Amino acid sequence: MQETLNYINENKQRFVDELFELLRIPSISADPAYKEDVLKCADVVAAHLKNAGADNVEVCQTKGYPIVFGEKILDKNLPTVLVYGHYDVQPADPLELWKKPPFEPYIEKTELHPEGAIFARGSADDKGQFFMHLKAFEAMMKTNALPCNVKFILEGEEEVGSVSLGDFVNENKEKLSCDCILISDTHIYSNEQPTVTTGLRGLSYVEVEVEGPNRDLHSGLYGGAVPNPIHVLSRMIAKLIDEDGHITIDGFYDNVETVSDTERAEMNKLKDNPEEFKKSIGLNGVEGEKGYTTLERTSIRPTLDCNGIWGGYIGEGAKTVIPSKAFAKISMRLVPYQTPAEITEKFTRYFEKIAPENVKVKVTPHHGGMPYVLPTDTKEFLAAKKAMESTFGKEVLPYRGGGSIPITAMFEQVLGAKSVLMGFGLDSDAIHSPNEHYGLFNFYKGIESIPLFFENYVK
């Protein structure tokens with residue numbers, strides 16, 4: 001393994017140069033205007049995979065964007081690790097908030113990244129992270145250190161809900177058969193306190209509509225006499241959470257997992273710094289469900305948030321109208337053992353229940369996903385923990401993340417394999433935001449840790 005680490009160290013600059021080439025491709029899956037760029041990115045990823053030493057590399061067509069597949073089968077009797085990642089990225093808007101163009105990567109030192117960070121859309125989510133696996137694989141191949149079989153599945157639709165992935169996995173169970181799945185699309189708690197993500201929340205996402213009068217009305221002629229849908233919707237949203245941060249939807253907490261006091265104590269070993277947390281997001285105070293720490297609120301407890309609200313006139317100047325309709329988008333993060341179908345149904349019933357009789361309401365479900373937990377006594381977790389402790393030189397703690405990666409539950413259901421969420425980013429990397437970045441320290445630590453994961457996993 002030392003020879004592998006030496007190879008990595010000797011090729012660090014080339015690895016960054018090659019990542020820069022990948023980051024220059026604006027593979028924005030949400031915008032059809034970038035279709036050719038997404039397709040080009042798939043071809044470039046396939047070329048990197050083939051050059052690293054993978055066999056049977058394919059750009060597999062789907063109903064949407066292609067999935068890049070490759071593998072190296074040493075011996076069918078050896079374990080097989082399936083590596084997942086995605087090459088599509090979020091839109092870069094608003095462009096005016098970027099220091100430099102989002103698809104012209106550059107390195108700049110920051111307070112958290114004194115060695116420098118790579119600034120570009122997709123640097124942390126997820127090009128920089130899945131590229132670690134390609135380079136770690138290359139290093140193992142070049143030094144004859146790959147200890148087991150490996151397969152790669154790299155998709156181009158994660159940022160739009162992985163709409164084609166489920167069908168592809170179901171149709172290719174044998175091709176994708178594996179013993180565990182390795183994913184780097186999450187973050188660690190900090191560079192001083194490395195972690196392995198052991199849980200993710202699920203998701204129920206809905207859009208709501210409140211309709212009042214049959215047309216927009218003159219606010220002078222009708223104001224004070226008719227329901228204003230924006231006012232009504234605002235009051236309804238305010239009723240969804242009480243003053244203790246408790247979600248008021250009937251039966252919302254019925255199936256929520258009870259996390260033991262022991263596990264909560266273990267979780268809170270992470271050095272939660274409330275002042276640093278507030279400073280990082282420009283707040284003077286935090287809030288949330290009464291009786292839980294910030295770490296618990298953002299990991300083991302379900303939440304409800306209004307993600308957007310609109311209605312009426314929002315253009316330049318003034319237009320004095322009472323709008324006919326008002327809209328909002330609402331997301332609910334779920335924990336074991338809640339399901340998206342259950343929570344969406346309960347939300348819909350409750351939202352209809354609290355609506356005044358003088359308006360009409362409509363709830364439109366969007367996408368959802370199941371929560372996921374990896375037990376800390378599994379072979380997969382222990383292999384990741386030991387690998388990262390070797391490279392960071394520090395104790396690695398389990399960490400439940402607050403986000404959602406719905407494919408983890410799907411992978412387990414269809415392929416019967418657990419996912420190891422071995423990400424190396426930081427939550428301050430501004431993913432999905434202007435000036436997204438990924439620390440060089442983190443990029444290199446990932447490449448160094450992945451071969452050790454393989455070594456530990458086959459022992």
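Which loop does Ile281 lie in? Here are a few notes to read alongside the model.

1. Ile281 is found in the loop that runs between helix H9 (274-280) and helix H10 (294-297); helices (H or I, at least four residues) and strands (E, at least two) are DSSP runs numbered from the N terminus. At 49% relative accessibility, Ile281 counts as partly exposed, where buried means under 20% relative accessible area, exposed over 50%, and partly exposed in between (1.4 Å probe, protein chains only).

2. A word on the basis of these notes: this is a predicted model, where local features need pLDDT of at least 70 and side-chain atom pairs count only at pLDDT 80 or more, while totals for chains, interfaces and linings use all residues. Residues are numbered from 1 along each chain as its sequence is written, and side-chain values use heavy atoms, with hydrogens and water left out.

3. Helix H4 (residues 127-142) is worth a look. Its 16 residues should span 22 Å at 1.5 Å a residue, and its end C-alpha atoms are 22 Å apart, which agrees; the expected span is 1.5 Å times one less than the number of residues. Of the 16 residues in H4, 14 are buried. Asn144, which follows H4, has a positive phi, near 55 degrees.

4. Lys135 and Glu18 form a salt bridge, with their closest N and O atoms 2.8 Å apart; the term means a side-chain nitrogen of Lys or Arg within 4 Å of a carboxyl oxygen of Asp or Glu. Because Lys135 lies in helix H4 and Glu18 in helix H2 (residues 12-23), the pair ties together parts that are 117 residues apart in sequence. Both Lys135 and Glu18 are buried.

5. Another salt bridge joins Lys385 and Glu389 (3.0 Å, N to O). These two are four residues apart in helix H12 (residues 379-392), and about one helical turn separates them. Glu389 is partly exposed, with a relative accessible area of 26%. Salt bridges that share partners also join Arg14, Glu18, Lys135 and Glu138 into one network.

6. On to the aromatic rings: the count comes to twelve aromatic pairs, taking rings of Phe, Tyr and Trp (its six-membered ring) with centres within 6.5 Å, and calling planes under 30 degrees apart stacked, over 60 edge-to-face and the rest tilted. Tyr189 and Tyr399 have ring centres 5.8 Å apart and planes at 65 degrees, so the pair is edge-to-face. Tyr399 is buried, at 11% relative accessible area.
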